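I am opening a new page for this chain. I will look up its layout, then its sheet, then a few single residues.

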Amino acid sequence: MSVETTLRGSRCAGCDNVAFPVAVGCQRCGSAEVTAVDLTGRGTVWSHTVQRFAPKSPPYVPPAEGFTPFAVGYVELPEGVRVEAVLDCSDPAELVGAEVVLVATEPVPRFATPAWLDRTSAPSPQEQAR
Ligand SMILES: [Zn+2]
């Protein structure tokens, strides 16, 4: 199974505006001359909040172990577009102005903080003891 970790957006030929997801026309100038582009997989948290209750299901599918609160927000990419995403973090306080990395695109965009990635890639205490 390959995991697609590139977000596709579109850029307007007339005014250079970038949109996500791919738009059929420019939201800024109305031009129909837009081309699909790969977006940068890193950005800055623009704003976030914590989802403290389970969203309506469907479309939300709660995990087998039950719902746990998670962070959601907007990530501003270098292209100037803001992408709504789930935000993986060790503590929501670390999300303020944080640099985050794209980790998944389906079913929704998902970004993670460096601290969260360090924690999840670090060997467990049992592995370290070996
Ligand atoms: Zn435009």
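Predicted model: local features only at pLDDT ≥ 70, side-chain atom pairs only at ≥ 80, totals over all residues.

**Entry: layout**

I counted the elements. I found two helices and eight strands in the chain. I then read their order from the N terminus: β-β-β-β-β-β-β-β-α-α. I took the extent along the principal axes. The C-alpha atoms fill a box of roughly 60 × 35 × 35 Å. I checked burial next. Of the 130 residues in the chain, 24% are buried. Residues 24 or more positions apart make up 49% of them.

**Entry: two domains**

I looked up the division of the chain. Domain 1 covers 1–39, and domain 2 covers 40–129. Their C-alpha centres lie 23 Å apart. I then listed who takes part in the contact between them. Domain 1 gives ten residues and domain 2 gives 13 residues. I sorted the domain 1 side by class. I got six nonpolar, three polar and one charged residues.

In what order do the three strands of the open sheet stand? I read the order as 2-1-3, with antiparallel pairing. Strand 2 and strand 3 are at the edges with a single partner strand each, so one side of each has no neighbour in the sheet.

I went through the pairs. Strand 1 and strand 3 are antiparallel and share five bridges. In this pairing I found Cys12 opposite Val34 in strand 3. Strand 1 and strand 2 also run antiparallel, joined by two bridges. There I found Ser10 opposite Ala19 in strand 2.

I asked how enclosed strand 1 is. Four of its five residues are buried, so strand 1 is largely enclosed by the rest of the structure.

The hairpin of strand 1 and strand 2 has five residues between the strands. Phi of Asp16 is near 75°, which is positive although the residue is not glycine. Is Asp16 buried or exposed? I counted 12 C-beta neighbours inside 10 Å, and 12 or fewer means exposed, so Asp16 is exposed.

**Entry: cis peptide bonds**

I looked up two cis peptide bonds. One runs from Phe20 to Pro21, with omega near -5°. I placed Pro21 in the loop between strand 2 (18–19) and strand 3 (34–38). The other joins Pro58 and Pro59, with omega about 15°. I placed Pro59 in the loop between strand 4 (42–51) and strand 5 (70–76).

**Entry: Ala104**

I ended with Ala104. I found Ala104 in strand 7, residues 99–104.

Notes. Residues numbered from 1 in each chain as written. Buried ≥ 20, exposed ≤ 12 C-beta atoms within 10 Å, placed from the backbone. Contact = placed C-beta atoms within 7 Å. Domains from an automatic or database assignment. Nonpolar A, V, L, I, M, F, W, Y, C, P; charged D, E, K, R; others polar. Pairing = 2+ DSSP bridges.
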